[in-house]
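Dear colleague,

Please find below the structure that I am handing over to you, with its sequence. My findings follow directly after it, and I would be grateful if you read them with the coordinates open.

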Amino acid sequence: MTPDDVRALFIRDYLIMSYVASLGAIQLGVSFGGLRGLFLLPGRARTRALGVLLVCAGIASFFLAPLWNPGPWGSVAGGRVVIGAGGQPVPWGRAALYDLPQARNINDTNGGMSGNTQALWFAVGAISAIVTTCTLGSIVNRGLRSPAPPSVGMEALKHTTFLSALGPSIQCWRRTWRDEFRGLSALAWLTFLKSPRKGGS
Amino acid sequence: MNPFDRETLLFLNGLAGRSDLLDAVMRIVVGDYLVAVLGVVTLVGLWFAGKTPAERERMQVTLLAGAASVGLANLAVTTINSIWARPRPFVAMPESVKLLFYPSTDPSFPANPIAVAFAIAGAVWLINRRLGTSLIALAAVQAVARVYAGVAYPTDTIGGAVVGLLALTGAIGLRRLIRPIPEMTIRLARAFLLA
C-alpha cells in the first residue's frame, strides 16, 4: 500500500464528515437565524436537534470509521506504537477499540491529510451541504409562501423557499449590480485615498 | 533550550503513559482533525445564524476575516519556519520524551495547528462570546495536548497562539483597508440568497 491509498481513504471519510457536519451546522445556524425556508424539519427545536445530531454524527463517523473500514490503523508489533513511526511497516486491517484514539494520527507524508488538502475537501463538503440544504429545504417547505413583498438575500428565506426566491433575487441583482459596483468602486477609491493618513497632521 | 520549555515539557510529557484514558483523550485532541473541524463547522453555522440583515452582514464580514486569518497564519508559520527550523522535542531529547503522536517532520516553532485554532476561535469570539470562549478553551487544551504528546515545546504552542491572534488582527485591519472586496463578496452571495 502506498501513501496515496491511505490518502484516498482519508479523503473519503473526511468528505463524509465535512458534508454531514456542515449540514448539521447549517441546520443549527438557520434555526437561530429563523430562516424557515432552509429548515429540513418543521419547527425550530426539531431543526436544532437535527443540527446537533448531524454535527455529532459527522465527526463520530470520521473517528469511528477505522473500526469497520480496513486501513493502516492497527498497532505495529510491540504494542501501541505511533502509526508510521520510524518507517515500520503498518498492518492493513480494521482498528481495535484500543487503537481508535491514534488511528487517524498519520503524517501527511504517510498518507494523512495536509492542511491545504483538508481545506480543499472541507470546502467541497460544505458547498455540497449548502446545495443539499437549499434543495431539500425547498422541497420540504414547498408550502411556505411569502405574504410580504420579497426581501433581499438570505432574509427572504425567512418567508419563502430557496428555489422560489432565487429567480426574483437574481433578477433584482441584475438590475442593480452596475450601480452597486459603481458605489463600491467609489468606496474603494475613498478607502484608498483615506488610508495613508499616518504621515498627515 | 530555556528552562521553562524543558521543565514544562518534562512535567507534562512525564504524565503520558500513566493513564490510558488520558492518553486516549490527548491523542484525539492533539490530532490534525478534531479541533480544526469543530472550528470550521462553527464558522459555517454562524454564517447562517444572524437574526437581522445588519447582524448577518456584520457576522459574515467577520467570518470572512476569520477565514482570511487562517491563510495569514499559515503564511506567517511558513515564513517563521524558513527563518528558524527548531527541532521537535522528540528529536532534541529522544531519551527523555515519550512520543504519543506521529513524528512530525516540519519545524517545531510555532505550532501551526494552534495558530489556526486560535485564529478561528478568535473570529468566533468576536461574533459570539460564549461559543468563542469554548473554542479558545478547546484550542488551549490542544496546546497542552501537543506538549503532553511530546510533539511541541510550550513556547511553540504559545507562539502558535500569538501568531493566530496576530493573523486575525491583521485580517481585520486588512478588512478595513480593502473593505469593498468583502462587501462585494457578500453582495454577490446575497444575489444567490447565500448572504
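Along its sequence, chain A runs in the pattern α-α-α-α-α, with five helices and zero strands in its secondary structure. Please bear in mind that this is a predicted model. Chain A has 201 residues, of which 38% count as buried. Among the contacts in chain A with a separation of 6 or more, 65% are between residues 24 or more positions apart.

The helix α1(A) comprises 31 residues. From its first C-alpha to its last, α1(A) reaches 43 Å, close to the 45 Å expected at 1.5 Å a residue. Just after this helix, A:G34 adopts a positive phi of about 70°.

The domain assignment divides chain A into domain 1 (3-141) and domain 2 (155-194). Nine residues from domain 1 of chain A and six residues from domain 2 of chain A take part in the contact between the two. On the side of domain 1 that touches domain 2 of chain A, there are three nonpolar, five polar and one charged residues.

I turn next to the interface between the chains. Here, 50 residues of chain A are in contact with 40 residues of chain B. On the side of chain A that touches chain B, at least two residues each are supplied by α1 (3-33), α2 (44-64), α3 (100-103), α4 (115-140) and α5 (162-194) of chain A. The most is given by α5(A), with eleven residues. Sorted by class, this side of chain A has 31 nonpolar, 16 polar and three charged residues.

One residue of chain A deserves a separate note. A:Q118 is placed in helix α4 of chain A. Is A:Q118 buried or exposed? A:Q118 counts as buried because it has 22 C-beta neighbours inside 10 Å, and 20 or more is the threshold for that class. Leaving aside residues up to four places away in sequence, A:Q118 touches A:Y14, A:M113 and B:A36. A:Q118 and A:S18, although 100 residues apart in sequence, are 9.5 Å apart in space, C-alpha to C-alpha.

As to the packing, the largest nonpolar core has 95 residues. Which residues have the most contacts inside this core? They are B:A73, B:A115, B:A119 and B:I120. The largest share of the core, 13 residues, comes from α1(A). Domain 1 (3-141) and domain 2 (155-194) of chain A each provide at least three residues of this core. With residues up to four places away in sequence not counted, B:A73 touches B:A115, B:V116, B:A119, B:V163, B:G164 and B:A167.

The peptide bond that joins B:F109 and B:P110 is cis, with omega about -15°. B:P110 lies in the loop between α5 (89-92) and α6 (112-127) of chain B. The other feature concerns B:L193, which has a positive phi of about 60° although it is not a glycine. B:L193 is found in the segment after α9 (180-191) of chain B. With 26 other C-beta atoms within 10 Å, B:L193 is buried.

With kind regards

Terms used: Residues are numbered from 1 along each chain as its sequence is written. Chains are lettered from A and ligands numbered from 1 in the order in which they are written. This is a predicted model: local features need pLDDT of at least 70, side-chain atom pairs count only at pLDDT 80 or more; totals for chains, interfaces and linings use all residues. Two residues are in contact if their C-beta atoms, placed from the backbone, lie within 7 Å. Helices (H or I, at least four residues) and strands (E, at least two) are DSSP runs, numbered from the N terminus. Ala, Val, Leu, Ile, Met, Phe, Trp, Tyr, Cys and Pro count as nonpolar, Asp, Glu, Lys and Arg as charged, and the others, Gly among them, as polar. Domain bounds come from an automatic or database domain assignment. A residue is buried if 20 or more other C-beta atoms lie within 10 Å of its own, exposed if 12 or fewer, and partly exposed in between; C-beta atoms are placed from the backbone. The expected span of a helix is 1.5 Å times one less than its number of residues. A nonpolar core is a set of buried Ala, Val, Leu, Ile, Met, Phe, Trp, Tyr and Cys residues joined through C-beta atoms within 7 Å.
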